[in-house]
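Welcome, and please take a moment to look over the model below. We will walk through it together, one part at a time.

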Amino acid sequence: MTDLVFLSLATVTIASSILALEARDLVYGAAALGIAFLGMAGLFFYLDAAYIGAFQIAVYIGAVVVLILFTVMLVGPQLGEPPLELKRLSLLAAILVSLLLGTAGAVSSASAFPGPDNCGSGCDLIGLSNALINQYGVQLEFLSLVLAAAVIGALTLAKTDRKTE
Amino acid sequence: MEPITSFFAVSVILLGIGIYGLTTKRNAIRILFSIELIYNAANLNIIAFARLSSPPLVTGQVLVLFTIALAAMEAAVGLAIVMLVSRLNVDIDLRKLTRLRG
């Protein structure tokens, strides 16, 4: 009934998202948030949405978590709470890493890893790209406009302050 | 395949964690974490619905692509605001943050 892969992915996701909010140091919180995003990407892979999973890894772990880490490091010591003790942290890291590795092993075992032949119609990449370009092309263009506006807005926010000071 | 209710359970738990963080945390970065968790819960819900309906819908995946892009944008702007506030030498405690008003 309950699949082991699903169970471990859900456990990793939920546990590390709790840890992201409850870890005392924000750097560890950001790392735990990255692990939660990774577990969520695993759930997307499990649901045959491979492209979404890859997108999730690229955007969330590649961009958002790195951005959060940079902000935490730049804003720095005034967030200032002491980091976790090393012993508890290493125990936690051991549990998390073993869970992650177990999940990876279970996912990449041949039976749980459908190739392109027995991939269900849910992971139909051609259908996805057709829908994205033909049906939702205008929305895609608007999305890129919004992203450009957000980048310009963020730059403006970060820059105007220096002049006023 | 797992029954659809278990994905909903994970999604609801993530939503609960996110709402808990939104209501109890005071640090702006932690509140951003909570918002991202809520986005993820919604994404999981949409993907599960799209996959487990028959026939599987591709529209759900398109919607989640848009959501992920918008969430990244929101995080960028939010973190820019956090940096701006922290440069004004105030605490980034959102309950006390009235410095940017007006």
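Predicted model: local features only at pLDDT ≥ 70, side-chain atom pairs only at ≥ 80, totals over all residues.

Residues are numbered from 1 along each chain as its sequence is written, and chains are lettered from A and ligands numbered from 1 in the order in which they are written.

Now to the two chains. Helices and strands here are DSSP runs numbered from the N terminus (H or I of at least four residues for helices, E of at least two for strands). Chain A has 6 helices and 0 strands, and its pattern along the sequence is α-α-α-α-α-α. Chain B has 3 helices and 0 strands, running α-α-α from the N terminus on.

How much of each chain is buried? A residue is buried if 20 or more other C-beta atoms lie within 10 Å of its own, exposed if 12 or fewer, and partly exposed in between, with C-beta atoms placed from the backbone. By that count, 28% of the 165 residues of chain A are buried, and for the 102 residues of chain B the figure is 45%. Contacts tell another part of the story: two residues are in contact if their C-beta atoms, placed from the backbone, lie within 7 Å. Among contacts in chain A with a separation of 6 or more, 66% are between residues 24 or more positions apart. For chain B, 46% of the contacts between residues at least 6 apart in sequence join residues at least 24 apart.

Let us return to α2(A). Of its 21 residues, 19 are buried, so this helix is largely enclosed by the rest of the structure. A:Leu26 has its place in this helix and is buried, with 25 other C-beta atoms within 10 Å. After α2(A) comes A:Asp48, in the loop between α2 and α3 of chain A. The phi of A:Asp48 is near 65 degrees, a positive value in a residue other than glycine. A:Asp48 is also buried, with 23 other C-beta atoms within 10 Å.

How do α2(A) and α3(A) pack? Their axes are 8 Å apart and the angle is about 175 degrees; axes are lines fitted to C-alpha atoms, for helices over the stretch in contact, and angles run from 0 to 180 degrees between N-to-C directions. The two helices are therefore roughly antiparallel to each other. (Angles under 35 degrees count as roughly parallel, over 145 as roughly antiparallel, 65 to 115 as roughly perpendicular and the rest as oblique.) The contact includes A:Leu33, A:Phe37 and A:Phe44 of α2(A), and A:Gln56, A:Tyr60 and A:Val65 are among the residues of α3(A) that take part. The residues of this contact divide into 19 nonpolar, 3 polar and no charged; Ala, Val, Leu, Ile, Met, Phe, Trp, Tyr, Cys and Pro count as nonpolar, Asp, Glu, Lys and Arg as charged, and the others, Gly among them, as polar. Leaving aside neighbours within four places in sequence, A:Phe37 is in contact with A:Gln56, A:Tyr60, A:Ile61 and A:Val65.

Where do the chains meet? The contact between them takes 53 residues from chain A and 43 residues from chain B. On the chain B side, α1, α2 and α3 each supply at least two residues, and the largest share, 21 residues, comes from α3(B). That side divides into 30 nonpolar, 7 polar and 6 charged residues.

Finally, consider the largest nonpolar core, which has 63 residues. Such a core is a set of buried Ala, Val, Leu, Ile, Met, Phe, Trp, Tyr and Cys residues joined through C-beta atoms within 7 Å. The residues with the most contacts inside this core are A:Leu33, A:Phe37, A:Phe44, B:Leu44 and B:Ile47. The largest share of the core, 15 residues, comes from α2(A).
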